[in-house]
Every structure is written in C-alpha cells, then in structure tokens.
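Hi everyone, thanks for coming. Let me bring the picture up, and then we can walk through it together.

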Amino acid sequence: MQPAAAFASLEELVRQIPDGASITVPVDGAGVALAATLALIRRGARGLNLITAPNSGLQADLLIGAGCVAAIETAGVTFGEYGGAPRFVDAVRRGTITVKDTTCPAVFAQLQAAEKGQPFTTLRGILGTDLLANRPDWAVIDNPFLPGDKVVALPAMRADIALFHAPMADAEGNVWIGRRRELLTMAHAAKTTLVTVEEVRDGSFLDDEQLAAGTIPAMYLGAVAEAKRGATPLGLAGRYGVDDGFLRDYVELARSEAGFARMLDRLMGAARAAAE
Amino acid sequence: MSDIAYTTKELLISVIAPLLAGCRHVACGASSPIPGSAALLTRMRSHGQMRVTVLGSQKNNFFTNGNGELFDVAGTGRLDTFFLGGGQIDGQANINLVGAGGTYPRNDVRWPGSFGSAYLYFVVPKVILFREEHTRRVFVPKVDFISAPGVSEPGIYRPGGPRHLVTNLALFDFDPARVRFVLKSVHPGHSVEEVLDNTGFDFDRPDVVPETPAPDAATLAALRGTIRREIAETYPRFAETAFAA
C-alpha cells in the first residue's frame, strides 16, 4: 500500500498555513474550503498572499475583512448577481492591501507552468492592457520561433499552499474532485495542498476506473480534514447550493466594518453549532 | 413587426440573437442572462448546428477540464462568440472592468476585475459588447484603465475583437479598420438624439438611422416558453421577471 495522506482536524490543518504564506484558492462554488477559512481567521492568520484561481468572492472578502491578507492576486473579486465584494473594495480603496490585477487564463497558464516544473510560460493577448503596464513581474518577449511576434511571458505560479474543499476522500487520503480539474492543477502546482472533504469513504478510489480519473492522489496532499458542509454558505456542485439569504445580507451589511463583524459572527456561530 | 407588448429584456435578446447566426459555438460568462437567452434562442433556431456554453450552468456547460477549459477552447479557435461588458467603454472599444476615478490601484470606484477579457478580446473572432446602461458614465471618451484594448498594433496576434455593441438604447457595429463605432439602429421608443446625448464619444451614423425591429410573435413565443425554461436553470430570478406573460 502507498503512504496515505495525513488526516487532520480543521485546526490542525490550518496550523500548516503560516503567516505570510502564499495560498491558491478556487472560484466560489468550485470547492471553497469555507470552514477551513473560518478556522484560519480564528487562528488569527496575518500577511497572507492570496491568489485566486482565477477569481473569488466570499472567501477572499472574509479573509480581507478579518485582516488576514497582505496581498491579493486576482482576475476578479465579486459576489456576482448579489453585488460587489464590500471588504475587498474598501481595502483596495484605502490601500490596506496590495492588489495584483490579472486575467483568468494567465493564472491557469502560470499554474500549468508550475505543475510542469518550468520557470515561465507565455500567453497570447494581454498586450496593450493596463494589467501588463502594472505588472513588472511580467515580460514581453519575442516568439523565438517567429521573430517579431510578441508574446507575454508569465512566471510559474508555485504557491506555498493550495487550499480547497472536495466531495470526498478515501481511506488512503486520495481526494475525488470529479470534473473540477482546476483543483488538480492547483494541487500539482503548489508546494503542498490542504483539503477539506464532505466525507471519508472506505477503500481506494484508485481501484475504481471511473473514480480514478477524477481523483487527486494522496502524494500531493499535506493534510485532509473532514468538514461536513465545509463550503457553506457557498455551494458544492452535486451536493448543496448557496445560502441565498446569507449572501444577500452579506453584500449589504459588510459594507461597514461593524456589519462585517456581525456577518462573521453569524458564520462562526453556525460553524460552532455544526461542530457540536 | 408585431403589436404584442414586450419587455426591454425581450427586445435586447431579440437584438442579440441574429448577431449569433452561423456561429458554431457561443459562450456567455457569469452574470449574463440576456446574452445567455439570446444564445439559447439562436441555438434553437440552428437545428442542432450551434453549441452554447452558459457558465454557471450544469446542463449547458460541457467542459470536463475545469474552469480553464473555456480559455483553451478559445485559444484553439473553438469559440466563435463571447460577450464582454465594462464599467467603462470608450470610442475605440477599450473596456475597463477594474475601476474609475482616482489613481489605480486606489481608484475611487473599484469594480471586480478584468476576468478573462484581456485574453478573450484577442482570440474570440466575434466579441459582442453588451451593457444595458447607456449613459456618459459608461460610454466615456477614454477609459481610466484598459482591461482589454479594442484594437492592437499591426503584427500583434489578434484574430478576435469587438464586432458589435448592444445597449438599452441602440445597436452599434464596431469598425476595427477605422477604430470607430457605427450606429446601426435605435430601439423603439428612443431617438438618435438620446443616443448622442448619452454617449461620451464620437461615432459614425448613416443619414437615416433605422429603428431596431421589435421581436415578432414567433420570437416572443419561443422566449416565453422554451428559452424561459432553459435559462431558469442558471438564472431563476431573471426567468421570473424578464419575460412578459
């Protein structure tokens, strides 16, 4: 039998995220580790370098509002139809966090470069944008195979940690993510990956041809913690939907710091109740 | 023409739908129920020739390689049409999804971010700009931040770009050679003067600007039946309110 991933409690899992760490997180609804995010806020994390793959909503807004974030690299932070991300917008305007604006395919391309162990990658587009003008860490180079053909060079994105939530792990700590294969790329690209899951099942997903293709092997995972409804109040495809009422209240109330504190308390209270 | 009453959203769907005719694959991003409905309507009329990707949908999203697959599909020429908007759009079709006023990054108004625009605007052959609000706040002489440029210098790889602009007031084409919008039609109940008053940049127009045709009875029946049901899967609240009867 192969070495298994380490199973951990939520608190043990977030202790593996030191202050100042760079963390990749997925899009709202694609498996956001919201319960772990609350545990991270309870731990009082500071100075995180948050990288959204490629955009975020509630998770980024909570971490920013709770003072955990020094910098965010993102293609967008929004609550979609519910409205703008209040703590993100406030922090950007006040200059209390550093923002590195990017574009979705750049993030994916940089993660793919990292998972291959390559130093950089190139991407079409982006030329002539103010994204490029504000990214001294990006470069414009000549296509070596077609001189004069300019392309944007982007450094590999090797985060300290990838953090996400998935439907299930097996007894060996392999994690099934199904078609959400950006999670697989994130896990490959990061130095280590911390995952929460709805449930832990007996046996090995790798013994089942249908499950194996959608599975992240335990080798990539630093810790796996069980967290039932671990994405709520966000949804998890095939399991549960978003808490519509919460998100509607949040975008309104979290425009003030006091309102944000109340919404955070509401989530913490619900998390405590779920743990008991 | 039809004398059946219709909603503004039904009109906009019926304005966008013909722009998609002949496309093999149309994709609509997040928070795009009107483009999504137009794509589903055109698919229905395509007799099985057109594929539609509605981001956020389960039924109308066939991607199995994660969120990044949309960009890979676009980069390899498998996506004909995409929709983009902007907090600001200028007369050269530059779009700004980042922020306005003040100095970046500390803009007075901060929007979510550029998402995939900086890439899709270059590689998708037909990008349709869609913004319901038609005011000088949106349609500015020059955007404060270029999330994606309307045109590129010669020699830059750019098979794609803006082709049309649809708003609550009018339909424009974009002429990439002249780097200008051309007013094609003004929606019923609105005037060329209203469009001029509410647009902060110059654009071309014919001597006589046609009125946008109202949706016909068959279109309205399709919207209020099949399309309402199909779009409700992703946008339930929109489906409840956007359609008459």
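Which domains does the domain assignment of chain A give? There is domain 1, made of 20-105 + 159-271, and domain 2, which is 120-155; these bounds come from an automatic or database domain assignment. Before going on, a word on the ground rules: this is a predicted model, where local features need pLDDT of at least 70, side-chain atom pairs count only at pLDDT 80 or more, and totals for chains, interfaces and linings use all residues. Residues are numbered from 1 along each chain as its sequence is written, chains are lettered from A and ligands numbered from 1 in the order in which they are written, and side-chain values use heavy atoms, with hydrogens and water left out.

Back to our two domains. The C-alpha centres of domain 1 and domain 2 of chain A are 29 Å apart. Their contact (heavy atoms within 4.5 Å) takes 6 residues from domain 1 of chain A and 6 residues from domain 2 of chain A.

Now for chain A as a whole. You'll find 10 helices and 13 strands, counted as DSSP runs numbered from the N terminus: helices are H or I with at least four residues, strands E with at least two. The C-alpha trace of chain A spans about 65 × 50 × 30 Å along its principal axes.

What about burial? Of the 276 residues in chain A, 55% count as buried, meaning under 20% relative accessible area with a 1.4 Å probe, protein chains only. And among contacts in chain A with a separation of 6 or more, 73% come from residues 24 or more positions apart.

Notes: Buried < 20%, exposed > 50% of the residue type's maximum accessible area, 1.4 Å probe, protein only.
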